Amino acid sequence: MTGRTDVREVVFAVYDDMQLLDLAGPLDVFDAAAKITGGRYRMRTASLGGAPVVCSSGVRLGVDADLAALDGPLHTLVVVGGWGSTSTAATPGLAACVAGLAGRAQRVASVCTGAFVLAQAGLLDGRRATTHWAFCADLAAAHPRVDVRPDAIYVRDGPVVTAAGVSSGIDLALALIEDDHGADLARTIGRWLVVFLRRPGGQSQFSAWTRAVPVGDPALRRVVEHIAARPDADLSVPALARHAALSERHFARRFTREVGTSPGRYVERTRVRAARALLESGSAGVDAVARRCGFGSAETMRRAFLREIGVPPGSYRDRFRATGTTADR
């Protein structure tokens, strides 16, 4: 142990099948901060029993400490995530150990599905939180007392901070450094790591809303298939009700109950999904994409993109379009 009294102890809770970047990203942020501040942070990795862990990629990592044997106060406890929504929560004893350590920590954080450990430990009850976009629904279903925010890159609620998936651990760590030492240091580290201090948009821009909705009702299944096949068609409630051979009022009620969202919202999401595919892979202009996907105008599509994924179509294309070229050498 160092004799300095201004050193912040940062402990990363790790386990088998964890995602390496969930640890490496925030760890490198704190390491940069430690170097710049002359050693104001001390980082350690800890597992149950102090045993080495094997990451989901097969990389084997030694650790610094036994998570259950840590003593003294902690400044920051970070629980990393893994590929599956249940991998972290299924590690025997992990949540109980984290719950005990949280009482001695000034703040507790999670990256990706590490939020499931915090939730299982009771640390997210009544709080806002997030996790990887693919597991937000699972977190909300398994822990109904948690106010899950699916679009957030990270969420701070009191002394608990949760980050979205994988690389968002870097965003989280930069935010924690900013809390401790101000924006200038966080910005300096962000520039060194070639990342945004504050990432534009939320994680919805990275999500893949492509899973077919399981619809048991044959009439509504025909409607869902029609929407997917013809996003440029007349998909108003009256038109869709005619397609289902139902009255408008009855159709809207049944659709919302069966699909889980209103017809209008479902149509908008489907059109945004179709537009995203064209923006990622094609060269058509935004106006043309808007017409092909049933928006009618680029402005209508822009508003839909902002509602659904938090960024306008042009910015989305700039970030995700396949260029077909190689990087400069």
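Predicted model: local features only at pLDDT ≥ 70, side-chain atom pairs only at ≥ 80, totals over all residues.

Trainee: Are F251 and F255 buried or exposed?

Mentor: Both F251 and F255 are buried.

Trainee: How many aromatic pairs does the whole structure hold?

Mentor: The search finds five. One of them joins F30 and Y41.

Trainee: What makes the F30 and Y41 pair edge-to-face?

Mentor: Two values. The ring centres are 5.3 Å apart, and the cut-off for a pair is 6.5 Å. The planes stand at 70°, and edge-to-face needs over 60. Both tests are passed, so the label is edge-to-face.

Trainee: Why is F30 called buried? And Y41?

Mentor: Buried means under 20% relative accessible area. F30 has 0%, so it is buried. Y41 has 5%, so it is buried too.

Trainee: Back to F251 and F255. Is their pair stacked, tilted or edge-to-face?

Mentor: Tilted: the angle between the planes is 50°, and the centres are 5.6 Å apart. Stacked needs under 30 degrees and edge-to-face over 60.

Trainee: On to charges. How many salt bridges are counted?

Mentor: The count is 19. Take D125 and R145, whose closest N and O atoms are 3.5 Å apart. D125 is in the loop between α3 (114-120) and β8 (128-129), while R145 is in the loop between α4 (136-142) and β9 (147-148). The pair spans 20 residues and links distant parts of the chain.

Trainee: What makes D125 and R145 a salt bridge?

Mentor: The limit is 4 Å. Their N and O atoms are at 3.5 Å, so the pair qualifies.

Trainee: What do R127 and D157 form?

Mentor: A salt bridge, at 3.5 Å from N to O. R127 lies in the loop between α3 and β8, and D157 in strand β10 (residues 154-157), so the bridge ties together parts 30 residues apart in sequence. R127 is partly exposed at 23%. D157 is at 15%, under the 20% limit, so it is buried.

Trainee: How do you know that R149 and D147 meet in a salt bridge?

Mentor: N to O is 2.8 Å. That is within 4 Å, so the label holds. R149 has 35% relative accessible area and D147 has 33%. Both values fall between 20% and 50%, so both residues are partly exposed.

Trainee: Which residues of helix α6 are buried?

Mentor: In α6, residues 183-193, they are L185, A186, I189 and G190.

Trainee: Why say they line one face?

Mentor: Seen down the axis of α6, they fall within an arc of 135°, so they line one face of the helix. The face turned away carries the exposed D184, R191 and W192. The buried residues of α6 pack against α1 and α5 (168-181).

Trainee: Which residues have the most contacts inside the largest nonpolar core?

Mentor: L67 and I177, in a core of 63 residues. A second, separate core has 17 residues, including V215, V224, L235 and A241.

Trainee: Last one. Why is D22 called buried?

Mentor: D22 lies in helix α1. Its relative accessible area is 0%, under 20%, so it is buried. Beyond its sequence neighbours up to four places away, D22 touches V80, G81, G82, V111, C112 and V166.

Key:
Residues numbered from 1 in each chain as written. Heavy atoms only, no water. Phe/Tyr/Trp six-rings, centres within 6.5 Å; stacked < 30°, edge-to-face > 60°. Buried < 20%, exposed > 50% of the residue type's maximum accessible area, 1.4 Å probe, protein only. Salt bridge = Lys/Arg side-chain N within 4 Å of Asp/Glu carboxyl O. Helix = DSSP H or I, 4+ residues; strand = E, 2+ residues; numbered from the N terminus. Arc of directions from axis to C-beta. Contact = heavy atoms within 4.5 Å. Core = buried A, V, L, I, M, F, W, Y, C linked by side-chain atoms within 4.5 Å.
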